Amino acid sequence: MMRYTKQKRFTDEASLLSACGRQEPQAQQQLYERFAPKMLSVCLRYLKDPMLAEDMMIQGFVKAFQHLSNFRQEGSFEGWLRRIMVNECLNEIRRHRAVFLSIQEEENAASLPAAIDEAAIEAQLSAQDLMVLIAALPEGYRTVFNLYAIEGYSHQEIATMLAISEGTSKSQLSRARAILQKQLSQITPSHVSSR
């Protein structure tokens, strides 16, 4: 006869993280279930292939469980976990360096439209609509756009993370914005959702 053992539910994050630090499988499962959907969304912003994004998310969770003692509880756990996921995705992208086009430093935004009005975009589109447009960007553009506009990294930090020049980071962002601006001028919010 099989015995049913009631799973312990952790109601607060501190006790859940503490149990995960002791490598309690139930706690690790609960932590995974709590954060996996958000972290998969993060990975999908960087990697178009859903299976690859899921692989990177799983690798990110493994790394988080291995290095949980490094979380100092000075910021949010979700933010710490998110950085791990972004780094896993960037490692995967770096393995395919051809993603970043060879762009000359002097070839900046001169031929591109002015900076995109992000407030106007938010008024026109839902977050989901905008994510669809961002996901359609070429990988190099999408990566820099995500790091700069969504994650809040500076061009200097992005250049270091991706082993590219600051000028390349700025150019990739400028081109991503130009593509988004062009797409926005051609569509209405209802067209985006139906794609």
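Is Phe-77 buried or exposed? Phe-77 is buried, with a relative accessible area of 1%; buried means under 20% relative accessible area, exposed over 50% and partly exposed in between, with a 1.4 Å probe and protein chains only.

## Basis

This is a predicted model, in which local features need pLDDT of at least 70 and side-chain atom pairs count only at pLDDT 80 or more, while totals for chains, interfaces and linings use all residues. Residues are numbered from 1 along each chain as its sequence is written, and side-chain values use heavy atoms, with hydrogens and water left out.

## Nonpolar core

A nonpolar core is a set of buried Ala, Val, Leu, Ile, Met, Phe, Trp, Tyr and Cys residues joined through side-chain atoms within 4.5 Å. The largest one has 48 residues, and the members touching the most others are Tyr-46, Phe-61, Phe-77, Leu-81, Met-85, Leu-90 and Leu-147. Elements giving two or more residues to this core include H1 (13-21), H2 (25-46), H3 (50-66), H4 (77-94) and H9 (166-186). H4 gives the most, with nine residues. Helices are DSSP runs of H or I, at least four residues long, numbered from the N terminus.

Phe-61 is in contact (heavy atoms within 4.5 Å) with Leu-31, Tyr-32, Phe-35, Ala-36, Met-39, Leu-81 and Met-85, leaving aside neighbours within four places in sequence.

## Aromatic pairs

Rings of Phe, Tyr and Trp (its six-membered ring) pair if their centres lie within 6.5 Å; planes under 30 degrees apart count as stacked, over 60 as edge-to-face and the rest as tilted. The count by this rule is six aromatic pairs. Phe-35 and Phe-77 have ring centres 5.4 Å apart and planes at 65°, so they form an edge-to-face pair. This pair joins helix H2, which holds Phe-35, to helix H4, which holds Phe-77, across 42 residues. Phe-35 is buried at a relative accessible area of 4%. Ring pairs also link Phe-35, Phe-71, Phe-77 and Trp-80 into a cluster.

## Cysteines

The whole structure has zero disulfides, a disulfide being a pair of cysteine sulfur atoms within 2.5 Å. For Cys-43, the nearest cysteine sulfur is that of Cys-89, 3.6 Å away. Cys-43 is buried at 0% relative accessibility, and Cys-20 is buried at 1%.

## Helix H8

The buried residues of H8 are His-155, Ile-158, Ala-159, Met-161 and Leu-162. They lie on the same side of H8, because they cover an arc of only 165° around the axis, taken from the directions from the helix axis to the C-beta atoms. Their cover includes H4, H7 and H9. The face turned away carries the exposed residues Gln-156 and Thr-160. Ala-163 follows H8 and has a positive phi, near 55°.
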